[in-house]
Every structure is written in C-alpha cells, then in structure tokens.
Amino acid sequence: VDKRTSMLLRKGAGDVGLLPVEIQQDNRVLVDGEDIGTLQGFAFRVDPAAKAGDRKLLLAAAERHLAAHLRQKAKDVSMADDSEFSLAADGEGKPSIFWKDDLLGTLTKGRTLLQPAFAPMKAVAGLEGDALREIVTRAESWIESQLAKAMGGIVGLLDLAQPADVDGNVRALAVRLADEGGIAGRHYLADAIAALPKEARGAARKGGIVFGALDIYHHAALKPAAAKWRAALFAARDSRAMPVLPPESAVHLKTWNFANPSEARNAGYRRIGDEYVRIDLAERVIKKAHEARGQNNAFGMDMAFATSLGISEAGLKALMRDAGFRPAEAVVVTETAADAAPTDEAPVIEENTPVEATPAPEAEAAVEATVADAAAPEQTAPKETAPVVLTHWRWVGLPKPRPPEQRRPQASAERKPHASAKPKAKPDRAPPAPKPSAPPSALALQLAALKGLKL
C-alpha cells in the first residue's frame, strides 16, 4: 500500500491522529513525511507549496499534534529560569519579551511608565486553557523582577513619595523624576527644585537623587541595564519603536543618530555641539570647573580630564556654555561680564553615591581617578606625564528659569498676524465724551436772580 493509499485509509477511518507528525530541528513540520510548514515559536506557518489535494487532512493532523506540543511548550516557559528570557525589539522594533528565541509578546502602555503592560503575541493569545495563563503569568513576573533589578532605585522613588513625614516638595520631585525614568533636565524640574528647602535635600539625596548643574538623575539611572529598560518603557508608553542604543562602554560619542535630546537623555547622554558625552561625566567636568573657579569670575583650568574622555574643543565650549561659562583671555578679571546676568550663586552640584562608569579604554585611567563619590575628599592627583595646559574661562552664570506661565506658547489671538493675512476690521470708535460746560458768568447769574430762577 503506497503512502497516499495509507493516508486515505486513515482518513476513511476518521482518525487523522494516526498520521505521524514530526517537528525537525530546523522547526519544519512534517506530516506523514510531507513538509507542510514551519513552527516559528508558537506560530505555525503553512507552506503554500504544500499539496493542495491533501492540504486539509495534513493540516488537521498537524494542528492536532501541535496543540499538545504547544501545551507542553507553555509549561516549559512557566518553569524556565530568568536567564532564558530577554528583552529586545521584535521585527517591527517594538519592545518585546523573548523566551530563548521565541517571541512571547510585547510591552505596551501601562498605568505608569514604570508599570508597563504585557500583550501576548497573536499565536500565544490563541492558546487554550491554562497554556495562555501560564505564559502571561511567567512573562509578567519576569518583567517585574527585571525592573526591580535594573531600575529598582528609580522604582524606589515612588516609595520615597509615600511617607507622610517626608517633605511634600521632596515627594513631588521624586514622583516627577520617576515619571521621567530617573533622568530629567534641571530646567524641566526648575520649579520643583526652587520649591525644595535646602534642609529637605538630604532626604532627596538619601533617596539616590543627584542634583547636577544641568541634569537631575538617580544615581542608578545611568547603568546600561537601566538605559535599555528605560528605552523600552518609553517606546511602550509612546507606541513607537525602540531606539538603537550606543555600546555599553561608550562614555563619549563623536557621532550618533539620536532622534531628539530626550532620546539622548534617556540613553544617558547630553548633547554638546555635534557630539555626546555621558551625563554623569559631563557633570564631573562642570564640577571641576567650579572647583577651579573658587570665588573668582575668571580662572584657568586644566581640562585634561575632559580631553581624556575624547571631548573635542568645540564640544567642550558647548558644554561649558551650557553650564554658564565663556572662553576668556589668560588675564584674570574679577568683574562679571556685562553681556550676561549671572545668578546669585553657582549651581550646587551634589552627589552622594559613587557613579558606576564603564569608560572607554583610552579614558580608563583618567576616569578611574575622577569617577568616585563627589562628596568624598579629593585623592592625591596622579603624577603628570605631560605639562599642564590651562584653558581660561569666565563665569557668567546660568539664566534663571522663567516661571511656567511665561514658558507657555502665546495664544493664537496674541500672535502677530501673518503678512498675507487680511487685516481685521477695526472696531467702531467710541463716541467722543462731551466737553464739560463752562461755569455761568456773573452777568448770567444776575439775570437769573432777577427772573427768580434757580440754576
């Protein structure tokens, strides 16, 4: 009896389950020796070249066998170790969860940035019974554990906002910083920082918040794992593709295609001119500038650290300009420059926790000596192998942030009309006010008295 006759006999017997089904190592699905498709993760893709005459019989046999196979696969997912799961972009760039090489589902917008939802892929969502529940429960538990591991301190900012005995301004700052994934431009939080009493900053620092000159961030927010999850969380919240992140070891980027400053900040970098430097190291450069300045408005500074990071001269000028400094001649002058209005004092750059840096090999020696707790006393400087070259700067100050109401765009009614726009009709002029009458003359008064009239 040939194969086709055997198949027809089994079909007549009404039991397609008797047909042998095999899933090969390359995930090809064979039914009674016929290649009818591929199992890609939990999705079965039918090969359009499968024989049309036997297609229904073959598919019925495959689906019957695959149902049991996928149920067992779901159990394997539910019992898998954390190391078998991963976060990566799927074929469309969406932030997705994989088990081994199998796509389970994607991250989508949740209640907050730090509480994303998990949406199982179509093939997983089509599973019956406990299989779907087992996969979803395991994926959600893995997401929660990874967020606690990679962004635990940032999630902890929400805990800082709970106790009633914590200053309300500290709680407000913690919530806003958590909503930004642990990093925000100082100007964005200017109102929250201005409202924060100096004596309350200790509670903020204990919660891991670092007050930089240009950026406010949680000390754990710049770790590579945190940057990866932050990129995924923002992509899930905004329903967009995950951006490509720089190499984990990069502290300076000569060129990179960040879509906007927010994307660069989420990755942990600040734009300086046409290049980028990691936020914590940009703050180190600024801190060194303030240390060199002391109480003077003009000063000389050894920029060896900035140079060791790979920052160009143009990039350094851009960073220093953002931080309130301008290039100066070597002559030391004490009066403030007339072209800018400095603030009353330099921004206080407070850091309470060592920043974990992964420097580039050429910058490792310099970074090792400087990337440490800023609150700790400076260690003895290593011996210089080259003559110190000073660059000269003057402090002009950071502009005071405008109140929120002044930062809002003007209403359309207040905007200047376009030149081509038709002028609006002028409103009707109000009638002129009547002129006050002159007081009656003496002669008029006499005549009125004679007539017995009262004026």
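How many helices and strands does the secondary structure of the chain come to? In this predicted model, the chain holds 15 helices and 17 strands. Of its 455 residues, 40% are buried. The accessible surface amounts to about 26700 Å², and carbon and sulfur atoms account for 53% of that area. When contacts between residues at least 6 apart in sequence are considered, 61% of them link residues at least 24 apart.

One part of the fold is an open sheet of three strands, arranged in the order 15-17-16 with antiparallel pairing. Strand 15 (298-302) and strand 16 (325-327) each have a single partner strand and stand at the edges, so one side of each is left without a neighbour in the sheet. On average, neighbouring strands of this sheet are turned by 45 degrees against each other, direction ignored. The antiparallel pairing of strand 15 with strand 17 (residues 390-395) runs over five bridges. Within strand 17, W393 stands opposite F299.

Two helices that pack on this sheet can be described in turn. Helix 10 (residues 279-293) touches strand 15, strand 16 and strand 17, and the direction of helix 10 makes about 130 degrees with that of strand 15. Helix 12 (residues 313-322) also packs on the sheet, where it touches strand 16 and strand 17. The direction of helix 12 makes about 140 degrees with that of strand 16. Strand 16, at an edge of the sheet, is thus touched by helix 10 and by helix 12.

Conventions
Residues numbered from 1 in each chain as written. Predicted model: local features only at pLDDT ≥ 70, side-chain atom pairs only at ≥ 80, totals over all residues. Heavy atoms only, no water. Pairing = 2+ DSSP bridges. Helix = DSSP H or I, 4+ residues; strand = E, 2+ residues; numbered from the N terminus. Axes fitted to C-alpha atoms, helices over the stretch in contact; angles between N-to-C directions. Contact = heavy atoms within 4.5 Å. Buried < 20%, exposed > 50% of the residue type's maximum accessible area, 1.4 Å probe, protein only. Areas by Shrake-Rupley, 256 points an atom, 1.4 Å probe, with all protein chains shown as cover.
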